[in-house]
Amino acid sequence: MKWFKRIILLFIFITVLFIGAVAVIGTQYKEEVVSFVKNELGKKLTREIKVGKIEYSLFSNFPNISVDLVNLETYSFKPGDTPFLQLNKLHLVFDIIPLLQGEFELGEIILEEGQVNIIYGSNGVPNFNIIKKGLDSSSSESSFSIDILELKNVDVAYQNWKENQNYLVRFEECLVVPNSLIDSVDATMDFVGEIQSLKIGDFKSEQSIDLDGELKIWVNNDSLKFNYSGQFASGDAVFKGFIDFDDTNEKWNIECDILNHNVADVLVILPSEYKD
């Protein structure tokens, strides 16, 4: 039994030592990390961001450290309009090991409790081009790239003012692995949530739709491509296709396979004029 107690004591000692080392490193670089965040936000974003306060946390995303932007908000097209981002907290999570070399590597961003509004205005211009063009974070000594984007209890709304389209998806949990977030969006998403509302022209869904699956998506100024597989309402589904947002001729090409569904549950989702 002595050897077992020694292993337990050794494990406790190593754990305490590791936590202490993280605390020392994190505390030592606090001012530098917070200053880096303020400077990068000013240099790399195209619009002003309002923040209630900035918190520095050693243990909320242990073993890494995070700078938390509390009550964050930024506009879509001009100050005072519909917010592009409105969040209770935005966690910027930095890898702890690179700090030993004096490097700041942002590996994860966590959006917590709030709303993201993706809007195409009346002139067809989108509101999500928030990162300045031509910037390549990999070329600098400090990295502001994103390996993981996580959403916790966040509503994502889409509006196309010109085409009279909108939808609202509520994400309880969503893990996004982006390949690109500059000038376009190319990402894979694993999530649990629901479509609160869906409106395309005269079509409007009458009941929320539960989702639990994987979505691969690519978006730029002129088109959207997607591939979703997983739970859709009471059964499973696969949706894939593309939408071209052309000024003169908008094109849709969508394929879907709906599996293991209760017909009555599907009919509840449809507007009344589609049920006859």
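This is a predicted model: local features need pLDDT of at least 70, side-chain atom pairs count only at pLDDT 80 or more; totals for chains, interfaces and linings use all residues.

Trainee: How many helices and strands does the protein have?

Mentor: One begins by listing the secondary structure elements. Here there are three helices, together with twelve strands. Of the contacts with a separation of 6 or more, 53% join residues 24 or more positions apart.

Trainee: What share of the residues counts as buried?

Mentor: The protein has 276 residues, and 38% of them are buried.

Trainee: Which residues touch the most other members of the largest nonpolar core?

Mentor: A nonpolar core is a set of buried residues joined through side-chain atoms. In this case the largest one holds 50 residues, and Phe94, Leu111 and Leu151 touch the most other members. Strand β3, residues 83-94, gives the largest share of this core, with six residues.

Trainee: Which residues does phenylalanine 94 touch?

Mentor: Leaving aside residues up to four places away in sequence, Phe94 touches Val33, Phe36, Val37, Asn64, Ile65, Val67, Phe104, Glu105 and Leu106.

Trainee: Which residues form a nonpolar patch on the surface?

Mentor: Phe77, Val125 and Trp161 do, and together they have about 260 Å² of accessible area. Phe77 lies in the loop between β2 (65-75) and β3.

Trainee: Why does phenylalanine 77 count as partly exposed?

Mentor: The class lies between the cut-offs of 20% and 50% relative accessible area. Phenylalanine 77 is partly exposed because its relative accessibility is 33%.

Technical notes
Residues are numbered from 1 along each chain as its sequence is written. Side-chain values use heavy atoms; hydrogens and water are left out. A nonpolar core is a set of buried Ala, Val, Leu, Ile, Met, Phe, Trp, Tyr and Cys residues joined through side-chain atoms within 4.5 Å. Buried means under 20% relative accessible area, exposed over 50%, partly exposed in between (1.4 Å probe, protein chains only). Helices (H or I, at least four residues) and strands (E, at least two) are DSSP runs, numbered from the N terminus. Contact means heavy atoms within 4.5 Å. Patches are made of residues with over 30% relative accessible area and no salt bridge: like charges are joined within 9 Å, nonpolar side chains (Val, Leu, Ile, Met, Phe, Trp, Tyr) within 5 Å. Accessible areas come from the Shrake-Rupley method with a 1.4 Å probe; for residues, only the protein chains shown count as cover. A salt bridge is a side-chain nitrogen of Lys or Arg within 4 Å of a carboxyl oxygen of Asp or Glu.
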